[in-house]
Amino acid sequence: VHDWVVPTSGSVPTFRSAAKAKESDLAKVPSDIPVEFAACIGTALTALRLLSGVKGGEYVLQVDADSPVGLAVIQIAQARGVGTINIVADAPGFFDKAGLIKDLGGDVVVKDTYATGNAGFAKILSELPKPSLALAATEAGAAVVGKVGGGAKATMYAAAGESGLKKATAAEIEVAAGMFRSGALQLWVERHPFSDLPMALKEASEPFKTRKVVLMMNELPKPKVDA
């Protein structure tokens with residue numbers, strides 16, 4: 001009673017005031033972190049799993065680095081002494097995204113057109129340790145890895161980390177929550193009260209946006225329990 005839980009599969013609908021679900025389709029999440037982070041904890045879990053075999057001093061090459069998981073990868077890598085080479089689509093808003101990635105600890109940030117069409121990127125790679133992991137959130141991103149990754153095959157992931165909670169253990173969830181508590185990891189979530197629905201929809205419809213837009217009830221409802 002009163003625990004916070006999130007669905008671990010698409011079988012549990014979320015946009016409703018009440019739902020019936022099997023315990024096996026839910027995961028308990030801590031209630032002492034911001035609720036929007038708890039709702040998106042799968043993003044953090046996905047990033048943690050992707051980096052599980054990477055050691056300090058190694059480098060990760062990632063395309064789609066501005067995705068929610070990509071931004072989490074950068075922060076976790078920075079905390080662990082892992083370098084990141086980040087490729088972002090050549091599109092409006094690139095310089096804002098590049099600035100964010102650098103602020104989070106990204107070592108190299110370039111446009112995808114530069115990575116695939118300029119010999120300077122190959123020179124950058126030659127001056128760094130060979131990446132031990134290549135990541136991409138999209139098929140197009142995987143194709144970029146194929147062109148610039150020196151034969152490396154991209155590890156694919158869902159951009160928002162929806163699959164991160166599948167088979168997640170309580171220990172894994174606690175590690176992610178601990179990073180939120182310490183400030184080592186943030187998710188770029190734009191929070192709006194439900195009364196601000198028109199503005200939230202407007203913000204969510206903007207192209208090339210990095211932040212997730214989350215609608216919040218003014219107060220979290222307490223579960224009703226039959227006597």
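**Figure 1. The salt bridge between Asp3 and Lys28 in the predicted model.** Lys28 is exposed, at 54% relative accessibility. The structure is a predicted model. The side chain of Lys28 meets that of Asp3 in a salt bridge, with 3.6 Å from N to O. Asp3 belongs to the segment before β1 (4–7) and Lys28 to strand β2 (residues 26–29), so the pair ties together parts that are 25 residues apart in sequence. Asp3 counts as partly exposed, its relative accessibility being 44%. The count for the structure comes to seven salt bridges. Side chains of opposite charge can pair when their charged atoms come close.

**Figure 2. The salt bridge between Arg49 and Glu172.** The N to O distance between these two side chains is 3.1 Å. Arg49 is partly exposed, with 29% relative accessibility. Glu172 is also partly exposed, and its relative accessibility is 28%.

**Figure 3. The crossing of helices α2 and α8.** The axes of α2 and α8 come within 9 Å of each other and cross at roughly 105°. That angle makes α2 roughly perpendicular to α8. On the α2 side, the contact is made by Ile41, Ala44, Leu45, Leu48 and Arg49. On the α8 side, the contact is made by Glu172, Ile173, Val175, Ala176, Ala177, Met179 and Phe180. Arg49 and Glu172, both listed in this contact, are the partners of the salt bridge with an N to O distance of 3.1 Å.

**Figure 4. The aromatic pair Phe37 and Phe180.** The structure holds two aromatic pairs. In the pair formed by Phe37 and Phe180, the ring centres are 4.9 Å apart and the planes stand at 35°, a tilted arrangement. Phe37 is part of helix α1 (residues 35–39) and Phe180 is part of helix α8 (residues 170–182), so the pair ties together parts that are 143 residues apart in sequence. Phe37 has a relative accessibility of 12% and counts as buried. Phe180 counts as buried at 7%. Phe180 also takes part in the contact between α2 and α8.

**Figure 5. The aromatic pair Phe94 and Phe95.** Here the arrangement is edge-to-face, with 5.2 Å centre to centre and 75° between the planes. Phe94 counts as buried, at 7% relative accessibility, whereas Phe95 is exposed, with a relative accessible area of 64%.

Figure 6. Five strands make up an open sheet with parallel pairing, in the order β5-β4-β3-β6-β7. The edges are taken by β5 (108–111) and β7 (155–156), each with a single partner strand, so one side of each is left without a neighbour in the sheet. Strand β3 (residues 59–63) runs parallel to strand β4 (residues 83–88), and five bridges join the two. Val63 stands opposite Ile87 in β4. Helix α4 (residues 94–103) lies across β4 and β5 and runs at about 165° to β5. Strands of a sheet pair through backbone hydrogen bonds, either parallel or antiparallel.

Figure 7. The side chains of Asp90 and Lys111 form a salt bridge of 3.6 Å, N to O. Asp90 is placed in the loop between β4 and α4 and Lys111 in strand β5, so the pair ties together parts that are 21 residues apart in sequence. Asp90 is partly exposed at 40% relative accessibility. Lys111 is partly exposed as well, with a relative accessible area of 24%.

**Figure 8. The surroundings of Gln75.** Gln75 is found in helix α3 (residues 68–79). With a relative accessibility of 5%, Gln75 counts as buried. Apart from its neighbours within four places in sequence, Gln75 is in contact with Leu104, Ala184, Leu185, Gln186 and Trp188.

Technical notes: Residues numbered from 1 in each chain as written. Predicted model: local features only at pLDDT ≥ 70, side-chain atom pairs only at ≥ 80, totals over all residues. Heavy atoms only, no water. Pairing = 2+ DSSP bridges. Helix = DSSP H or I, 4+ residues; strand = E, 2+ residues; numbered from the N terminus. Contact = heavy atoms within 4.5 Å. Axes fitted to C-alpha atoms, helices over the stretch in contact; angles between N-to-C directions. Phe/Tyr/Trp six-rings, centres within 6.5 Å; stacked < 30°, edge-to-face > 60°. Buried < 20%, exposed > 50% of the residue type's maximum accessible area, 1.4 Å probe, protein only. Salt bridge = Lys/Arg side-chain N within 4 Å of Asp/Glu carboxyl O. Parallel < 35°, antiparallel > 145°, perpendicular 65-115°, else oblique.
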